[in-house]
Amino acid sequence: TTILEENSYARRLLEKRRASMPAYLPYGLYTVYTVFQRTRSKPPNLYPWHFRQAQPNEAQRIVNFISKYGRSSQFYSELQEQDLQSHTLPGLNIERFYVLLDEHNEILAAGAIWDQTSYKQYILQGYDGIFRLIAPASRIFPLFGFPAFPAPGSVLRFFTLSFWAVKHQDPDIFRRFFQTIAHVARDYPFFMVGLHERHPFRHIVEQRPHIRYTSRLYLVSWDKEPRILQSLDPDRIPYLECGLL
């Protein structure tokens, strides 16, 4: 489970050991990055690789890829071909996936642009603090290649980069995939991606303008001793599916 870093009341309540409560064992910090889009961005140079939307007949191929390379992370969510055909996850189908391919047409990276607004909406009520001062001036942001702030009362339009995996956890592959995803979906004002504090790709995401929301990750167990922690491979970095939080 996760608890927002700023929710000190819940943290104090649940972290305290009680005989009638399970133990909340800390497992690091998890950050959701709200990444702002650049409306005038240029596509990155991918040569000799290429990037495209997944084809309808590639569902099993992509599921095999993300299963193979996703399992190098702790808690990577299982996804099956029928999940992309039966609306198990609303708004997520094979057409929402994109792939980065090498010169031999082998997959280097894959991930989904998951737009969930058909069944889950976030409505902006208003601005506070420094954002209240900046909001009126944001109307000129498009002149500099960034979207203006949405109007109060509007439904926020964004997607979550979901079920993504990278061959051999190669940072150069992720950088090109991440930059191209952002360019292809630049009509969205922003998107979200979540990373554990130990993830080596954090510095790549943080190179783009963003706001971060940090949570504390816990393993919850009725076993009061930290044996559950000892049973996990310490070299496997946790992956939480941001779109399922």
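Student: Which residues does F178 touch, not counting residues up to four places away in sequence?

Tutor: Contact means heavy atoms within 4.5 Å. With that sequence exclusion, F178 touches V35, L161, F191, V193, I204, V205 and R208. This is a predicted model, in which local features need pLDDT of at least 70, side-chain atom pairs count only at pLDDT 80 or more, and totals for chains, interfaces and linings use all residues. Residues are numbered from 1 along each chain as its sequence is written, and side-chain values use heavy atoms, with hydrogens and water left out.

Student: How many residues has the largest nonpolar core?

Tutor: A nonpolar core is a set of buried (under 20% relative accessible area, 1.4 Å probe, protein chains only) Ala, Val, Leu, Ile, Met, Phe, Trp, Tyr and Cys residues joined through side-chain atoms within 4.5 Å. Here the largest has 51 residues, and F178 is among those with the most contacts inside it. Strand β5 (107-114) gives the most to this core, with 7 residues. Another core, of 10 residues, lies apart from it and includes Y27 and L217.

Student: Why is strand β2 described as largely enclosed?

Tutor: Strands are DSSP runs (E, at least two residues), numbered from the N terminus. In β2 (residues 23-36), 10 of the 14 residues are buried, so the rest of the structure largely encloses this strand.

Student: With which strand does β2 pair over 11 bridges?

Tutor: Two strands pair if DSSP finds at least two bridges between them. The partner is β8 (residues 210-221), in the antiparallel sense, where T31 has T214 as its bridge partner. β2 also pairs with β7 (residues 190-196), antiparallel over 7 bridges; there Y30 stands opposite H196.

Methods: Buried < 20%, exposed > 50% of the residue type's maximum accessible area, 1.4 Å probe, protein only. Helix = DSSP H or I, 4+ residues; strand = E, 2+ residues; numbered from the N terminus.
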